[in-house]
Amino acid sequence: MKNTILKILFLSLLYLSSCVTPKKVVSTPIKTPEIVVAPIEKPILDDTYGFDSENQKKWVDSVYNQMTFDERVGQLFMVSAYSNKDSVHANAIDKLIQEHKIGGLIFFKEDLFVKLN
């Protein structure tokens, strides 16, 4: 139990640290073009499986029930990955995926936080 709590705490801190990135300030005004939107008579939906269909719910439940508690917690996290970093960063991301079964990655081109410090 103590090990699980430590894992949750570690993953929470990892997630919070990935959220702390400064925002870029744009000072130039942007001209917006006039956009004309034609009305849509009927929404075009791919209803092959239906929205919230029973088949989708069964599939989700089957996958969820096969996961361990740690895998379920890992699915709550989305980690930032940078395309301009070295193989050490890529190996760290691989380790997070394999060990903690993180839920997703969000890719960035450069690390602005490091440049500001």
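Helices are taken here as DSSP runs of H or I with at least four residues, numbered from the N terminus. The structure described is a predicted model. Just after helix H4, Lys101 adopts a positive phi of about 50°.

Helix H4 itself spans residues 87–100. Its 14 residues reach 19 Å from the first C-alpha to the last, close to the 20 Å expected at 1.5 Å a residue. Four residues of H4 are buried, namely His89, Ile93, Leu96 and His100. These residues lie on the same side of H4 because they cover an arc of only 75° around the axis. Val88, Gln98 and Glu99, on the other side of H4, are exposed.

His100, a residue of helix H4, has a relative accessible area of 16% and therefore counts as buried, the cut-off being under 20%. Leaving aside residues up to four places away in sequence, His100 touches Phe10, Leu11, Asp70, Gly74 and Lys95. The C-alpha atoms of His100 and Gln75 are separated by 8.5 Å, although the two residues are 25 residues apart along the chain.

Conventions:
Residues numbered from 1 in each chain as written. Predicted model: local features only at pLDDT ≥ 70, side-chain atom pairs only at ≥ 80, totals over all residues. Heavy atoms only, no water. Helix = DSSP H or I, 4+ residues; strand = E, 2+ residues; numbered from the N terminus. Expected span 1.5 Å × (residues − 1). Buried < 20%, exposed > 50% of the residue type's maximum accessible area, 1.4 Å probe, protein only. Arc of directions from axis to C-beta. Contact = heavy atoms within 4.5 Å.
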